[in-house]
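Work through the exercises below with the sequence and the 3D view at hand. Try each task before reading its solution.

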Amino acid sequence: MTDRLGELSAAGVAVWLDDLSRVRLSSGGLDQLRREKHMVGVTTNPTIFAKALSDADEYNWQLRDLALRGVAVEEAVRMLTTYDVRWASDVMRPAYDSSDGVDGRVSIEVDPRLAYETEKTVAEAKSLWWLVDRPNLYIKIPATEAGLPAITATLAEGISVNVTLIFGLDRYSQVMEAFLLGLEQAKANGHDLSKIGSVASFFVSRVDSEIDKRLEKIGSAEAKALKGKAAIANAQLAYERYSEVFSTDRWRALADAGAHPQRPLWASTSTKNPDYRDTIYVEELIAPGTVNTMPESVIHAYADHGETRGDTITGSYEAARKVLTDLIAVGVDFDDVINTLEREGVEKFEASWEELLEGVRKSLTAAATGANHPNQAAQGNAAAAQQAGGNA
């Protein structure tokens, strides 16, 4: 059988999983993906955690203990989520060690309600870093205007960062500048640059969803012919900027000091439109030094029928620029698209965070009254034993 994910990895694309749950950890499913599907990293977000905690009974034993201690809901959320991320970091440690610290990373996001508050974001990033206490952790910080100086300040502390919610090219350039400045400050602060990692999460399918909606509203034949083209073109031009920045003398000076480049990470890579090929946002974004974080369904789809055609980004830049020019010509306000997506991205994660808080609040109340699953003690013991094995 063709090892399609192996071919993708050989082409320079790191396969990461965009999901995490206690069930996935305790069942060994995460480790199985690492061993069998070339999966070398994990990303999480508030939506993923909200779903994980609402679906599984495996958190009940921990919720009961937290309730007995009278732990506040926000602290309980942090205890639950960092427990999972710490466990996942241990599962992914072999990938971290074998890649010299480039892969094997697990991401956890700062409270999205802090997206517009720089100092609080930095404080939360530092807190999450020592709570999880694993070298292969990434702290996710949104690429808002307030997030940019927070990215620099966090990296300057020697903390690895996954920059999330990047939609536009200009903001991406600002993110790379924040990264370079952060590493320069980290070097000045005496940190070992070889231990600091970073990725820049450039969102893909959401761009098509928003622009396709606007093209449909415009309604002309020229507009409809552009549907499904914007997201890939936008990401391809992001890679062009990445290639330019990481070939400068400024970057080479940092690389000579041991730094790893901030890789572009393609996020939101499941197709939202069923008319599109389910692996399109993987196949059309293949290039060396990239990451593609996928839901498990996309990982399996690519393993089944994905097509690795070599580098599908380099050499596409002029065609990609034409797509963006044509979009503007038919009446798409691209700047408004990017601003809308960033604002809605933060709002969606804030809503998921509130959902997560409310779910944990209800669970703590139920746990305090003894309304938990009858097998909670056994589940707790099994989870603890599983994590002990992962730590070994």
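**Strand E4 and its neighbours**

Four bridges join strand E4 to strand E5 (residues 161-166), and the two run parallel. The model is predicted: local features need pLDDT of at least 70, side-chain atom pairs count only at pLDDT 80 or more, and totals for chains, interfaces and linings use all residues. Residues are numbered from 1 along each chain as its sequence is written, and side-chain values use heavy atoms, with hydrogens and water left out.

**Exercise 1.** Find the strands that pair with E4, and name a bridge partner in each pairing.

*Solution.* Start with the terms. Strands (E, at least two residues) and helices (H or I, at least four) are DSSP runs, numbered from the N terminus. Two strands pair if DSSP finds at least two bridges between them.
- Step 1: take E5. Val-161 of E5 is the bridge partner of Ile-139.
- Step 2: take strand E3 (residues 105-109). E3 pairs with E4 over four bridges, in the parallel sense. Here Glu-109 stands opposite Lys-140 of E4.

**Exercise 2.** Trace the β-α-β units that contain E4, and give their handedness.

*Solution.* A crossover is right-handed if, with the strands pointing away from the viewer, the path from the first strand over the helix to the second runs clockwise.
- Step 1: follow E3, helix H8 (residues 118-132) and E4. This unit is right-handed.
- Step 2: go on from E4 through helix H9 (residues 147-156) to E5. This unit is right-handed.

**Exercise 3.** Why is E4 described as largely enclosed?

*Solution.* Buried means under 20% relative accessible area, exposed over 50%, partly exposed in between (1.4 Å probe, protein chains only).
- Step 1: look along one side of E4. Leu-137, Ile-139 and Ile-141 point that way, and they are buried.
- Step 2: look along the other side. Tyr-138, Lys-140 and Pro-142 point there, and they are buried.
- Step 3: conclude. Six of the six residues of E4 (residues 137-142) are buried, so the rest of the structure largely encloses the strand.

**Exercise 4.** Describe how H9 packs against helix H10 (residues 169-188).

*Solution.* Axes are lines fitted to C-alpha atoms, for helices over the stretch in contact (heavy atoms within 4.5 Å), and angles run from 0 to 180 degrees between N-to-C directions.
- Step 1: read the geometry. The angle is about 25 degrees, and the axes are 7 Å apart.
- Step 2: list contacts. Among them are Leu-148 and Ile-151 of H9, and Val-175 and Ala-178 of H10.
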